[in-house]
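Reader: Hi, I'm new to this one and would like a quick tour. Can you put it up for me?

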Amino acid sequence: MTSKISNPPMNSPANVKRPSADDGVPTDSAAQWEEARLAYPLYAALATQFHLAALLYPAGALPPAQAAQKDVDRGLLWLEAIDEKVMAYQIRQLPSELLNASEESLRALLRRQLRRSSKTTADRDKIDFLLVQYFALCASAELCRGEISLQDVARVLQPVLPEADATPFKWSQPLDQMLEDLGHCQSLRDIMERGLLEQGRLLKESVGHMFYDPAALVAFCRLNFLLRRAFIRLLHGDLNAARESVEVLEARGVKTVDCRRAGFSAAETMARLRHFCENWRQPFQKDYTENSVRHEFEQLLALRADLEEALERSRPATSSAPPQKERPSDVTTPQVPAAVKKPSPAPAAPKHEKLVATHAPAPEAPSAPAALQKPAADTPASPTGAAEADKCLEAIWEQLIAIPPSRGRSMSTVVLQDTKVLLSSWEVTAFVSEGSQESEDLRRAVVARALLAVGTDERKRSGNSNALASALVLARSEVSYFHGRVEQAKAAKNTEAAVNLGISTKRLLSFIEEAEKLQP
C-alpha cells in the first residue's frame with residue numbers, strides 16, 4: 001500500500017539516511033532512494049502542473065519506502081527527465097504551501113540540482129532561485145527583517161552547502177556596489193531605473209562556472225534575497241501611493257484623470273482607477289524576464305506618476321501648505337550642459353551601420369517641432385521613412401532641452417501628437433549629451449518606441465492602423481540589431497551599456513507585444 005503525501009511520517013521519515021556531509025552526494029542506492037522520496041512531492045507537482053510527464057504513482061502517493069532495484073532505477077531516471085525539462089519560473093509557480101511545506105523536500109530538490117555534472121543556464125537559474133527560497137524558509141523571521149551578513153547566509157545554507165563560507169572573493173565588488181545602490185532606492189522605479197535585476201543577471205553570466213563556488217553561491221543568495229525583499233517592499237509602497245492618490249483626488253471632487261502614460265484614456269474615471277488599484281495583483285509567480293510581466297510593473301509606476309501629476313494640478317490655489325518633497329516617480333526633465341550637441345537623426349529602416357553624429361550646436365531658442373504627419377487613410381502601410389524618424393527624434397530632443405530640470409533623478413516625459421512617452425534617465429542623457437555609439441543606439445530604441453506609441457494611440461482613437469503598421473515594421477527590424485549590440489557590450493565587459501540598452505530593448509518588445517494585439 002502506498003503512503004499519502006498528507007501523512008506526516010512520510011514527509012519527515014524517521015529512518016531517512018542523510019546524504020554525506022562531505023559532498024552532499026548519497027553514498028548508496030538506499031540513500032539515493034530516500035532522497036528521491038523526499039523530493040518526489042515537488043517533482044510530482046511540477047510534472048502535473050506543467051504536463052512534463054505521467055506520474056509514477058497515483059496522485060497524492062509517495063514512492064514506497066522499500067523498492068526493488070529496477071523500481072529505484074526507474075524512479076531516478078524519471079526524476080532526471082523532469083530535471084531536464086523544468087525551468088526556474090515553473091518552480092516559482094508551485095503553490096507556496098507545497099514549495100515551503102518541508103525543509104527536507106526543498107533541500108533534496110536543491111541538492112539534486114547542485115549535483116548535476118554538466119550545468120546549463122537553466123540549471124543555474126534553478127539553483128539561484130532555490131537557494132533564496134531555502135534561505136527564506138529556514139532563516140528566522142528576525143533575521144529576514146534585519147541586517148543580513150554573508151556569515152548569516154552561510155550558516156543558514158549549511159545543510160545544502162556544507163562547504164559554504166563567507167570568504168570574500170576578488171570579483172565581489174560589483175555585488176557590493178549593487179547592494180549600495182539598492183540602499184538608495186526609494187521606489188520600484190529606482191530599482192528598474194538602475195537596472196539592478198539586469199546587472200545581477202549579467203554578472204552571473206560573466207562569472208561562468210565560478211558561480212558555483214560555495215562563496216559565490218552564498219554571496220549571490222544574499223544579493224538575491226535582499227533584492228527580493230526590497231522589490232516587494234517598494235512595490236507595495238508604490239501601490240499604496242497610487243491608492244492614496246485616488247482617495248485624495250476623489251475627496252477633491254476630481255472625476256477623471258489623464259492616464260495615457262499608463263495605457264488608460266485621457267479622461268479615465270476615478271471609479272475605474274480605484275478598481276484597478278484595488279484589484280492589481282503582483283505577478284510574482286511569473287518569470288521577471290518576460291516582457292509582459294515587466295510591462296505590468298511599469299504600468300503601475302506610470303499610473304502613480306499620472307495620479308501624482310493630477311494631484312499637483314488639483315491642489316487648491318489658496319493652499320498655504322509648503323511644497324511636498326519630490327518623490328522618486330515624479331516626472332522631471334534633465335539639465336542641459338552648456339556645450340550640449342544635437343544628436344544625429346536615427347535611420348528609419350536600420351541596416352545596422354554605425355550612425356554618425358552631426359555635432360551641430362544646440363540652438364539658443366529651438367523652434368517648435370513639426371507634428372508627426374499622419375498617413376492618409378488610403379495609403380498602404382510601409383516602413384517608417386527616414387524623414388518620419390528624423391522628425392520624431394527632433395521633437396524629442398527639442399522638448400528635452402527646452403524645459404529646466406526639477407530636483408531628483410527620475411523618468412522624463414515628452415509629448416508627440418498628444419501621446420505621452422516616458423524616457424529613462426539614461427535615455428534622456430543619450431539625447432542631451434555628447435554623441436557616442438551607445439547614445440545613438442539608445443536614441444534609435446527611443447524613436448522606435450515613440451513611433452509605436454503614437455501609432456498605437458492613433459489606432460485606438462481613429463481606427464487608422466497605417467501608422468501603427470509602419471512603426472511595427474521599424475520596431476521589429478530594430479530589435480535584432482539591439483540584441484546584437486547588447487551581446488557586443490557584454491563581450492566588451494561594458495556592463496552599463498549592456499544593461500541600459502537591454503532595458504530599453506525590453507521596453508520596445510513590450511510595446512511591440514501591445515501593438516500586435518491591435519493588428520487585424
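Reader: Thanks! Is Tyr 40 buried or exposed?

Author: Tyr 40 is buried, at a relative accessible area of 3%. Buried means under 20% relative accessible area, exposed means over 50%, and partly exposed is in between (1.4 Å probe, protein chains only). Before we go on: this is a predicted model, where local features need pLDDT of at least 70 and side-chain atom pairs count only at pLDDT 80 or more, while totals for chains, interfaces and linings use all residues. Residues are numbered from 1 along each chain as its sequence is written, and side-chain values use heavy atoms, with hydrogens and water left out.

Reader: Got it. How many aromatic pairs are there?

Author: Nine. Rings of Phe, Tyr and Trp (its six-membered ring) pair if their centres lie within 6.5 Å; planes under 30 degrees apart count as stacked, over 60 as edge-to-face and the rest as tilted. One of the pairs is Tyr 40 with Tyr 57, which is edge-to-face because the planes are at 75°, with the centres 5.7 Å apart.

Reader: Where do those two tyrosines sit?

Author: Tyr 40 is in helix α2 (residues 29-49) and Tyr 57 is in the loop between α2 and β2 (61-62), so the pair ties together parts 17 residues apart in sequence. Helices (H or I, at least four residues) and strands (E, at least two) are DSSP runs, numbered from the N terminus. Tyr 57 counts as buried too, at 13% relative accessibility. Ring pairs also link Tyr 40, Tyr 57 and Trp 78 into a cluster.

Reader: And what kind of pair do Trp 280 and Phe 297 form?

Author: A tilted one, 6.2 Å centre to centre with 50° between the planes. Trp 280 is in the loop between α14 (270-279) and α15 (291-314), and Phe 297 is in helix α15. Both Trp 280 and Phe 297 are buried.

Reader: Switching topic: how many disulfides does a search find?

Author: Zero in the whole structure. A disulfide is a pair of cysteine sulfur atoms within 2.5 Å.
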